[in-house]
Amino acid sequence: MSAAPTLPAYNFAYLDEQTKRMIRRAILKAIAIPGYQVPFASREMPMPYGWGTGGVQVTASILGPDDVLKVIDQGADDTTNAVSIRAFFAKVANVATTTKTSDATIIQTRLRIPEAPLRAGQTIVYQVPIPEPLRFLEPRETETRVMHGLAEYGLIHVKLYEDIAQHGHIATTYAYPVKVEGRYVMDPSPIPKFDNPKMHRSPALQLFGAGREKRIYALPPFTDVVSLDFEDHPFQVQKFSSRCALCDAANVYLDEVVTDDRGGRMFVCSDTDHCETRRAEGHLGPRPPQESSIPEAAPEPKGAPPARSTDAPVVVKGDDIKVWFPIKQGFLRRTVGHVKAVDGISLEVREGQTLGVVGESGSGKTTLLNCISGRLERSAGEIRYRMRDGRFPDLADLTEAERRFLMRTDWGFVHQNPADGLRMRVSAGANVGERLMAVGERHYGNIRQTATDWLERVEIAAARIDDQPVAFSGGMRQRLQIARNLVTHPRLIFMDEPTGGLDVSVQARVLDLLRMLVADLGLSVVIVTHDLAVARLLSQRMIVMKSGRIVEQGLTDRVLDDPHHPYTQLLVASIPES
Amino acid sequence: MIKALDIEPLLCVDGVRKSFTMHLRGGIRLPVVEHVSFRLVPGECVVLGGPSGVGKSSILRMVYGNYAVDGGSILVRDRVSGEMADLAAGDPRVILDLRRDSIGYVSQFLRAVPRVSAIDVVAEPLIARGVDRTAATAKAGEMLERLHLPPALFSLPPATFSGGEKQRVNIARGFITDHPVLLLDEPTASLDAANRDIVVTMIREKLAGGTAILGIFHDIPVREAVATRIIDVSAFSARKAA
């Protein structure tokens, strides 16, 4: 130990220079791709997560000795969080601090943007608790990253749809999702949506730091920031019926302040600097409290369902498809052989036709289905699909974006377990509407009308539209899953034991429904089932699989009434007579 | 009587063989028929005759594509193209097209689809050919009324119907379209005399309209009323040789 116990070994602005450089590189990346969340190696700070560690690290990395720092929390300069962060930087960077928005070069904020317009040269740093706008809709980070990557943003509208369904208007008031430069959907941190328009084309640099979640994102000056909405429910900011009780300001964001224990209250500017500045200029409010402020709701729209898209010819063709899973053994995990789940299968499905794939458990049916629906990679072979534009490419040659687009528009997948194909915690209406929103439908009234129509088609009472599937029976869930799959008028549906978990009466209802819809909509279907009665009812042609190979195929009633292969004869002989 | 060879046939069966291999019984082979050859022209009703188990139903089912054949050809005139298509070649799509437009079948038993009403069962073949649903349903109602099915039953699924009621639904479904070739497997087996007479009238109307009918009728009065020609299937039986 050396002698002088004078100063603790702080670098300027607390963080070491290597860390600052790392964070600055992340910031530069974030500025280069506005709205994109850049991961960074978030450091421990001398304050707990949730106290603004992301914002503090960003501020520390961009702070210079000549900067003037302002820190606000909920618009106020004098709340605990604001005071402590300001004191922190005054101590570790010895920078000038201010409460005046106009004097500051860097403004670190939690939950507000100052009322006074920011100017060029200023930087505003937002503290962000959860940077991912899709987080509460899609829990998997891997999936949300892909969705951002492919700009697949139908899901974000599900949240807004649910709002309208429940409240009659978009009730999201803070952390209101925005689209940046027409590309990335971004969570603007939990600022009130009142402040969203201030981000649009702001001359100031806007940086967002999420310490716990280790993400930085940014809006360079003059970036387009558009709040998401529906055509018939346009984005609106909160409007307040009262004015600030202290400075008489109108069109500012107001906080309710309780003044006594007898119900007395008043509404004052949430931005304390704005309020003080106005009072210094001589504006004075009435002080006595006024009526509460309620955000206005948009009128309820009425709309017609969208037109049906015309069906174009569809062909799926598979040639010599193989899916082999390696068997690894021993210390070195050497591949000693393969499980040949699908071993050289060729098939073809034409428009309006249903192909049944039958066989007992373990015969490779589901693997085949997953493979031709692009959900599982094949080991060999070719699978071609006729696109709407007439192309006939191999699925493997499509980009991930094209494949996913196909999956949510041209294809449907009905799972055996409805929970695999539904979002169990969003309403039935939103479950059906999600796929519409995914293909760009942005009119709430239309979406809801279409969802209602489809619920009726699958015999679910329209009154249940706002209930979540967790409150539905197994049969209702399965019918909801079918409605969700068919609402975008896909051309090809994959079904994996669609009636597997249902009791007999419900099974008959679902089968009848599927049969009618397939006929009415001219769908092409590949249905995997171990139930020969289901195959007879729904399919015109069928494939019998055993150990990954086709043992018999042909016209469904021919295969079932005149089976040739020993295995098919055994299957048919095993059906109980009714 | 019409002379069969002068007119373009609707159905030519030539040298058809059929046997069953029972793999569950150690692979024993049961020959059914061989050298089956005949042809059907418009307006004739050919009845397959012979004792039970001789292979009459098997022939009917092969002509409908329900059974595969071991050899030979079954040419059916395609109503749309006017060409003869070989149904015995086993291409499922050819068979599906022929069934939709050219060849109808009234089986002995109705295979009831759960939850589908009788009237929809009857209307379905028309809807499959693109007829408007309302028109198809109206026509189905007429057919069922003609067969004296109580209107109260129209909207019920046939699964719970009596044998005769089911059979009438089945006949209505088979007769509603104008397929040029119609296959009938004992359509009057479970009908009372009054309804049997209606079916006979309906068959005669079809024949007058130029439909060719291939049928199995064990009911002698019906057979005598409609048959223009009887083929003794015993002549094709493979079992006597085996």
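## Two crossing helices in chain A

A crossing of two helices is left-handed if the near helix is turned anticlockwise from the far one by less than a right angle, and right-handed if clockwise. In this predicted model, the crossing of H11(A) and H12(A) is right-handed.

Two packed helices are described by the angle between their axes and the distance between the axes. Here helix H11 of chain A covers residues 428-438, and helix H12 of chain A covers residues 444-457. Their axes come within 9 Å. They cross at roughly 120°. H11(A) is therefore oblique to H12(A).

## Where the helices touch

H11(A) brings A:Ala428, A:Gly429, A:Val432, A:Gly433, A:Leu436 and A:Met437 to the contact. From H12(A) come A:Ile447, A:Arg448, A:Thr450, A:Ala451, A:Trp454 and A:Leu455. Sorted by class, the contact of H11(A) with H12(A) has eight nonpolar residues, three polar and one charged.

## Chain A meets chain B

The two chains also touch. On one side, 18 residues of chain A take part; they are in contact with 14 residues of chain B.

Which elements of chain A give two or more residues to the side that touches chain B? They are helix H14 (504-521), strand S21 (549-555), helix H16 (556-561) and helix H17 (566-573) of chain A. By class, this side of chain A has seven nonpolar, four polar and seven charged residues.

## The build of chain B

Chain B has seven helices and nine strands. Its radius of gyration is 18 Å, close to the 18 Å that the globule rule gives for 242 residues, so chain B is as compact as a globular protein of that length. The C-alpha trace of chain B spans about 50 × 45 × 40 Å along its principal axes.

Of the 242 residues in chain B, 42% are buried.

## One residue of chain B

Where does B:Ile7 lie? B:Ile7 is in the segment before strand S1 (11-22) of chain B. B:Ile7 has 14 other C-beta atoms within 10 Å, so B:Ile7 is partly exposed. A residue needs 20 or more such atoms to be buried, and 12 or fewer to be exposed.

B:Ile7 and B:Val41 are 34 residues apart in sequence. From C-alpha to C-alpha they are 6.5 Å apart in space.

How values were computed: Residues are numbered from 1 along each chain as its sequence is written. Chains are lettered from A and ligands numbered from 1 in the order in which they are written. This is a predicted model: local features need pLDDT of at least 70, side-chain atom pairs count only at pLDDT 80 or more; totals for chains, interfaces and linings use all residues. Axes are lines fitted to C-alpha atoms, for helices over the stretch in contact, and angles run from 0 to 180 degrees between N-to-C directions. Helices (H or I, at least four residues) and strands (E, at least two) are DSSP runs, numbered from the N terminus. Angles under 35 degrees count as roughly parallel, over 145 as roughly antiparallel, 65 to 115 as roughly perpendicular and the rest as oblique. Two residues are in contact if their C-beta atoms, placed from the backbone, lie within 7 Å. Ala, Val, Leu, Ile, Met, Phe, Trp, Tyr, Cys and Pro count as nonpolar, Asp, Glu, Lys and Arg as charged, and the others, Gly among them, as polar. The radius of gyration is taken over C-alpha atoms; the globule rule is 2.2 Å times the number of residues to the power 0.38.
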